[in-house]
Amino acid sequence: MSSDFSIIGKPTAMVDAAQKTTGSGKYTDDLSLPGMLVGKILHSPYPHARIKSIDTSRAEKCEGVIVVAVGKDAPNPYGILPVGHDEYPLALDKVRYVGDNVACVVAVSEVSAEKALELIDVEYEVLPAYFDPEESMKAKTDLIHDSKPGNLEKDYHHVFGDPEKGFAEADEVAEARFIANEVTHAAMEPHSTLASFEIDPHTGKTGRLTVWSSTQVPYYLQHKLSLVLEMPMAQIRVIKPLVGGGFGGKSEVIPLEIIAAVAARKAQAPVKITYTREEVFWAHRGRPRTIIDLKTGIKKDGRITAVKARVVQDGGAYCSYGVVTILYSGALLGALYDIPNIQYDGYRVLTNKPACGAMRGHGTVNVRFAFESQLDELAAKIGMDPAEIRQRNLLQAPCITVNGLRVQSYGLPECIEKSVERSGWKQRKGKLPKGRGLGIACSHYVSGAANSIIRSDMPHSTVNIKIDRDGGVVVYTGASEIGQGSDTMTAQIAAEVLGCSLPRVRVIAADTDLTPIDIGSYSSRVTFMAGNATLRAATEVKQLIAAAAAKKMNCAADDLILRDDLVFKQGSEAPGVKKESEEVEVTQAGASVSGRVEGQILRGSLQQKRKEEGRKDWMTFEEAVVAAIDFHGALTGTGSYAPPQEARGGKHKGAGVGPSPAYSYSAQVADVSVDEETGEVTVHKVWAAHDCGRALNPVSVEGQIIGSVWMGMGQALTEEMIWKDGMLMNPGLLEYRSPSSVESPEVEPIIVESVDPEGPFGAKECSEGSLAATIPAIANAIYDAVGVRLHESPFTPERVLAALRAKKNAKALNLTDGIDPTAPSRFREHGGSLCFKEKGPERHALDPSRRAPAESGGAD
Amino acid sequence: MNKELIELHINGRTHEVATEPSALLLDVLRQELQLTGSKRGCDDSSCGACTVLMDGVAMMSCTILAASCEGREITTIEGVAEHGALAAIQKAYGDWGGAQCGYCTPGFIMTVKSLLAENPEPSEIDVRAALSSNLCRCTGYSQMYEAIRSAIDAER
């Protein structure tokens, strides 16, 4: 199929790969401006306190300090959601988590700024704090936000179909509580923002603002800066340089982005703020700790009759994306399987911890862990193969689910089939030695939200294309490259449609002054939406080129094919395969620079010759471009994309979240072993089949699938934010235990192409949908290996061991008994749930105490 | 603190830098010499994004005093490309998807260079052990192994 295309479907190095591998590419912290100052933020040491006074006078007198910004310098609230404007750049009267932002010192150097931080005198009145969501919901006094009674950010109660009837009809019902602990993005690039004001030439006063920032959402940042600084959006330019990973952590406005602008305004000089790694952990916006009470009923034939889920999310101190997260958790119970009856009760609760927000697989991951684990349990109850029970509950696509989600392309059946086949599931399942097991699970995700955060009819993506006489194609897109391959996807689609080679295409992206609006890189929307906008813009330009070329070639525009830098008549022999002498001529024409000055051909006598001789069956791309500019006056095109009305979901309260123009699908098999003595889980291999509609760039698609599975494995086995009285105990990459190469299994990505009717060339998302299946696939494999079902992630040795001991009715080992974590007498560097405040002893990278790499499994 | 003049040999060139005795090599590279290819990703030498070669050995520049590097031969990512073209490992990282967001990539490439200088035919276990000094959050490392294998083949 991919042979029908000349660009897409072929493994392609990213267009910015050389910038990344040579170190020449610039990320925000790599930028500097003349006279640039450094900002450092003072964070709250208390989880919940009223600020009685702030005295910055001692700090301001410090050598090298220019100004100290505080809350009253910009007292306007903001937040990513219109319903959640509950944050201030710097605290006005209250701090709500350890790490909340209190003041910002602007100084000539980092060292001076840090010294001055210690000299800011803040008088706090400490308030009772809430750390557990279920306790927090009972609060009557000292609310985290006065406008949120019971510290409840938002709750939703949805009933679709008749769940009670569904459960009555069920032959087997399972009910359990699952807990997924909190995880964070930990993108390799710490957040960074550089803000600079210009002097307005007309008023002579502070004028336009330019902000360079590590963001996934430059246009939202522009909007929030405008709100807080009370400046028109047209006076604010946001530029996104290279971004070192986001995973959702940069998909909303992070405090430093606004603080840098506030500080630059006060200091009257450019200010750069870059977070330390610890500050990144405090800024957080990760996946909330989620408590899921789940009940599922099935018939003896494996068909699901009803699902009931009560979900409580520990959202932290601010709304962030919380309302959306709690809605996704319910909405994405649908669109994977055919579930006729659903009851969902979701509670987003405020606590005195850093705000949770969107993280890869936003909203669906933790509930999917619970659901897929429970489905596995039910399969065991009725004695059905876990792969088969999933096949028994497939949707009959195209369809609209009971909760109003439109499903068109549906590659899940093939995903299950392929992952089962490649993993040798049928041959190996149940025949492995004790301690080793296989588990299967499925997941899905949206290819962009059908409704944007700010409800409006505006397109979600717009793309402009300009081609000049040099034959260079410039694509202007607001889409944000964050490492996922957005710019490469854009270039590929433009080149494919225009029939030109990839090096001709230059992508200018994510600069609010230059590029048309695109709402950002989140909810896996870029390929589908910005891709469709690119497709439309390129098609518009292609039609202009074809019209002019057709005139020259005396044929209908529809009869022309644009491909491989040539324009030729359909049915005619493509000039690329003509006899050798002509081929040489073509190559020369392609390589020459052509263009005209005042009606004269500047270079390219071949074109002049051809014009005179009137060859009519083909032209080079450049000749066709010149002809089109001569004919039309300019060669530009615009395309935009808004999700179709039919894809925007139902009418119930909260129906706006969940609908997408297309869903991606994933099925995975995990091969694990469990050490019954230590409780340690080793993942040998994961087979992950992902339906991405069409793989525009197979290298990137595979990279995204592997990356998702890997990140899911991190959440399944090691990653966990550990709290003690609102204090994060592991705010470092080693303590957080992001897996290194020796802890990472082999992942075999399997691309499934269902060719979506509305995706660009049929493409859908591939960056998030695979994550959610990995956690339950591993949990189910652990069950297969040792017969214990884990209800709390991550599956650390302590939790696995506790489950194993409980199964044997052995006495529970309480490893933390009698230990005060804040006063350690001994260290355990990687202690799972036993983690101390101080860091453990330093270890060399090749320290033998690090685990040897896992044997690659699957062959036995 | 008073600044002192130190002489650093970086990527075959000699730089005189006035710096505080407490200045870290990474900060001097990034802020004084605008060699921003080496990155800072953590506070505690846990991520390896700042890895450079010191006399051919991979070291984390975030935990080395710049002043202690006098007389040593330092290679940063900016010194890896050969004659204006990508080195085999750089090309392979691009072609095989070894780099996604690219933030950790310079550090990984320096680590791989150090590994291959010491062990031109590393086994997969050798590669995994060597790469464990660096963290990546995008790739899950798999495509890096393919890139390294392909670079070794290309160098042959």
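Which residue follows α15(A), and is its phi positive or negative? Asn554(A) follows α15(A), and its phi is positive, near 50°.

The model shown is predicted, so local features are described only at pLDDT of at least 70 and side-chain atom pairs only at pLDDT 80 or more, whereas totals for chains, interfaces and linings use all residues. Residues are numbered from 1 along each chain as its sequence is written, and chains are lettered from A and ligands numbered from 1 in the order in which they are written.

**View 1. Helix α15 of chain A and its end.** Helices (H or I, at least four residues) and strands (E, at least two) are DSSP runs, numbered from the N terminus. Helix α15(A) comprises residues 526-553. Its 28 residues should span 40 Å at 1.5 Å a residue, and the end C-alpha atoms lie 38 Å apart, which agrees; the expected span is 1.5 Å times one less than the number of residues. Of these 28 residues, 22 are buried (20 or more other C-beta atoms within 10 Å of the residue's own, with C-beta atoms placed from the backbone).

View 2. Two strands pair if DSSP finds at least two bridges between them. Strand β13(A) (residues 289-298) pairs with β14(A) in the antiparallel sense over 10 bridges, and Thr296(A) stands opposite Val307(A). The two strands form a hairpin with five residues between them, and Gly302(A) in the turn has a positive phi of about 95°. Strand β14(A) (residues 304-314) has 10 of its 11 residues buried. Eight bridges join β14(A) to β15(A) (residues 342-349) in parallel, where Gln313(A) stands opposite Arg348(A).

**View 3. The five-stranded sheet of chain B.** This open sheet has the order β2-β1-β5-β3-β4, with mixed pairing. Its edge strands, β2 (13-19) and β4 (57-60) of chain B, each pair on one side only. Strand β3(B) (residues 51-54) is joined to β4(B) by four bridges and runs antiparallel to it; Leu53(B) stands opposite Ala58(B).

**View 4. The contact between chains A and B.** The contact takes 51 residues from chain A and 43 residues from chain B, two residues being in contact if their C-beta atoms, placed from the backbone, lie within 7 Å. Among the elements giving two or more residues to the chain A side are α1 (17-22) and β32 (746-752). Helix α19(A) gives the most, with eight residues. The predictor gives the complex an ipTM of 0.98 and a pTM of 0.92.

Technical notes
Buried ≥ 20, exposed ≤ 12 C-beta atoms within 10 Å, placed from the backbone.
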